[in-house]
Amino acid sequence: MTNGCRQINIKVDAKLKKEVTKIFADMGLDLTSGIKIYLKRVQQDKKIPFELTSVAASKQDQAPSNLNQLLSALAGGSQEPNGIGGNLLKATNHHSTNPNGIGENIPNENK
């Protein structure tokens, strides 16, 4: 690496990577260049270059009351345990043999 450049590693869904790589290729860019353009824009504007809105607020006109509601809203309202975060706060068994999502085995102390 030259000129003080540093490598970053991110994990993304294979389908997302494939689709975005094609979109960038259609623009004459590789994936790395497309991501660098995004990062430069954030640096230049000192903000994300598009508006972020709350999915939960638009569905309920109020903030979610707990993390499960927020994660469910981000996953499109799905109650599936394989959605974002799985059943993060619903798990009560610390030794589950079948975790279905990130944080599946985190207990909910506020039941």
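Modeller: A helix here is a DSSP run of H or I of at least four residues, and helices are numbered from the N terminus. Keep in mind that this is a predicted model.

Biologist: How many helices and strands are there in the protein chain?

Modeller: The protein chain has four helices and zero strands. Along the sequence the pattern reads α-α-α-α.

Biologist: How do I read the spacing of residues on a helix?

Modeller: An α-helix has 3.6 residues a turn, so residues three or four places apart point the same way. In this model, Asp-26 and Lys-22 are four residues apart in helix H1, and are therefore separated by about one helical turn.

Biologist: What do the side chains of Asp-26 and Lys-22 form?

Modeller: Side chains of opposite charge can pair when their charged atoms come close. Asp-26 and Lys-22 form a salt bridge, with N to O at 3.2 Å. Both residues are exposed.

Biologist: How many salt bridges does a search of the whole structure find?

Modeller: The search finds three. Another one joins Lys-15 to Glu-19, whose closest N and O atoms are 4.0 Å apart. These two residues also lie in H1, which covers residues 14-26, and they too are four residues apart, about one turn of the helix.

Biologist: Is Lys-15 buried or exposed?

Modeller: Lys-15 has 56% relative accessibility, so it counts as exposed. The cut-off for exposed is over 50%, and buried means under 20%. Glu-19, at 42%, is therefore partly exposed.

Biologist: Which residue does Arg-41 meet in a salt bridge?

Modeller: Arg-41 pairs with Asp-45, at 2.6 Å from N to O. Both are in helix H2, residues 31-45, and because they are four residues apart, about one helical turn separates them. Arg-41 counts as partly exposed because its relative accessibility is 43%. Asp-45 has a relative accessible area of 26%, so it is partly exposed as well.

Biologist: How do I check the length of a helix?

Modeller: Compare the expected span with the distance between the end C-alpha atoms. H1 has 13 residues, so at 1.5 Å a residue it should span 18 Å, and its end C-alpha atoms are 18 Å apart, which agrees.

Biologist: Which residue caps the N-terminal end of H1?

Modeller: Asp-13 does, through a side-chain oxygen that lies 2.9 Å from the backbone nitrogen of Lys-15. After H1 comes Gly-28, which has a positive phi near 85°.

Biologist: Where does the surface have a nonpolar patch, and which residues form it?

Modeller: Among the residues of the patch are Ile-8, Ile-10, Val-12, Leu-16, Ile-35 and Phe-50. Together the patch residues have about 930 Å² of accessible area. H2 supplies the largest share of the patch, three residues. Ile-35 is partly exposed, because its relative accessible area is 31%.

Biologist: What share of the residues in the protein chain is buried?

Modeller: Buried residues are 12% of the 111 residues. The chain exposes about 9,200 Å², of which carbon and sulfur atoms supply 54%.

Biologist: What share of the contacts joins residues 24 or more positions apart?

Modeller: Among contacts in the protein chain with a separation of 6 or more, residues 24 or more positions apart account for 1%.

Notes:
Residues numbered from 1 in each chain as written. Predicted model: local features only at pLDDT ≥ 70, side-chain atom pairs only at ≥ 80, totals over all residues. Heavy atoms only, no water. Buried < 20%, exposed > 50% of the residue type's maximum accessible area, 1.4 Å probe, protein only. Contact = heavy atoms within 4.5 Å. Areas by Shrake-Rupley, 256 points an atom, 1.4 Å probe, with all protein chains shown as cover. Expected span 1.5 Å × (residues − 1). Polar contact = N/O pair within 3.5 Å; in protein donor to acceptor, adjacent residues only side chain to side chain. Patch = residues over 30% accessible without salt bridge, like charges linked within 9 Å, V, L, I, M, F, W, Y side chains within 5 Å.
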